[in-house]
Amino acid sequence: MKNLKFPISKKKLGNRITTLLVLSFVIFLASCKNSSSTSVLDQKNDGDGDNLPKVTQEMVAPPLLPKFDQVDKDGPRVVQVTFTVIEKKIEIAPGDSMWVFTFNGTVPGPMIVVHQDDYIELTLKNPITNTQTHNIDFHASTGAMGGGELTLVNPGQEVKLRFKATRPGVFVYHCAPGGRMVPIHVTSGMNGAIMVLPREGLKDENGNPITFDKAYYIVQQDYYLPKDKDGKIVNIATPQQSIEAVGEAMKSLQPTLLPFNGHLGALTGKNAMTAKVGDKVLFITAEANRDTRMHLIGGHADLYWPGGKFNNKPFTDFETWEVPGGSAAATLYKFREPGTYAFLDHNLIEAFDYGAIAQVKVEGKWDSTYMKQIEKPTAIK
Ligand SMILES: [Cu+2]
């Protein structure tokens, strides 16, 4: 029989078949990945958390976060937390005090940290010593006014609510007892944030896993208060009188003070946040009622998740980031230089005249590859 002559050699044909097989395998893998990516529109739940293991999360005062794993090891759980409403008078600036409504006694309230698909089981207590009806609206939850309809408690009552954290990100929560009481309670300090981490942890702009060394939680609070003829904040005797006064003052849309974490000096001087050169610090910033803009002087947001939502690819290299009222943002920065950094609202009038300023004290060795002073100040030559 006559030998058939192939147009290409058997070796080349073999190489081409191998290439085709590899390509097919890559396409197959890519299609598998696509088919397993579920749209946010197609989320499905099973069960209501009744059969999941329960853990208690101890709340801590801001700017700190409770203990948590960045990458989940154990699967979905019910995370039990307790908030006790405390109505109290605090000093918001030297010599100036106001009645604030708080979750667990701090402005903002404590941060809750869970992973996506965990349930949060909140016990909300409103002691008989309080004067007002309170509740909580979790922006991280789904339905029933964010839980507000199901958590309304009068003084002397407590209530328990369980909801699923279906969406990863940082989210605001706040009291929302109805009508004008909503902005009055929110601007009297009754707000905070929750962080829902992806179960596998955070990812950088290239989709690679990242961890952080520290996390801080900074909330700007817009306060509205009457002032006397000398420009001093009026001292108010009772929570009810405070509600009336705040309700009137807030109509101006002109805040009296805009401190971070409840009062002037909450995050400066001896209360400053701390880090070391080389630390990657996650900053969660929020404002429950009013737009603001955060800035770290001398640093950046290496990574910035607008609206604080971790399912989106983070932006890089931001100098200032927005926090629309009623939301939170997340940024991650690796400190390269030591020093005392100002962390502020970059409406600089709000920072320096209204108190929207914090500090981060960073220890370590100066790196002159980033910056150095070539000549000290001298008389002009
Ligand atoms: Cu309230």
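Reader: Where does Ala-61 lie?

Author: This is a predicted model. In it, Ala-61 sits in the loop that joins β1 (54-56) to β2 (78-93).

Reader: Is Ala-61 buried, exposed or partly exposed, and why?

Author: One counts neighbours: 20 or more other C-beta atoms within 10 Å make a residue buried, and 12 or fewer make it exposed. Ala-61 has 14 C-beta neighbours inside 10 Å, so it counts as partly exposed.

Reader: Which residues is Ala-61 in contact with, leaving aside neighbours within four places in sequence?

Author: Thr-106 and Pro-110.

Reader: Now the strands. In what order do the four strands of the open sheet come?

Author: The order is β4-β9-β8-β6, with mixed pairing. At the edges are β4 (112-115) and β6 (137-138), each of which pairs on one side only.

Reader: In what sense do β8 and β9 pair?

Author: Antiparallel, over six bridges, between residues 169-174 of β8 and residues 191-197 of β9. Tyr-173, for example, has Gly-192 in β9 as its bridge partner.

Reader: What about the nonpolar residues?

Author: In soluble globular proteins, nonpolar side chains tend to be buried together. Here the largest nonpolar core has 94 residues, and Phe-171, Ala-193, Ile-194 and Ile-284 have the most contacts inside it. Strand β2 gives the largest share of this core, six residues. Domain 1 (54-200) and domain 2 (218-363) each supply at least three residues to this core.

Reader: Which residues does Ala-193 touch, not counting those up to four places away in sequence?

Author: Among them are Pro-108, Met-111, Phe-171, Tyr-173, Tyr-217, Ile-284 and Ala-328.

Key:
Residues are numbered from 1 along each chain as its sequence is written. This is a predicted model: local features need pLDDT of at least 70, side-chain atom pairs count only at pLDDT 80 or more; totals for chains, interfaces and linings use all residues. Helices (H or I, at least four residues) and strands (E, at least two) are DSSP runs, numbered from the N terminus. Two residues are in contact if their C-beta atoms, placed from the backbone, lie within 7 Å. Two strands pair if DSSP finds at least two bridges between them. A nonpolar core is a set of buried Ala, Val, Leu, Ile, Met, Phe, Trp, Tyr and Cys residues joined through C-beta atoms within 7 Å. Domain bounds come from an automatic or database domain assignment.
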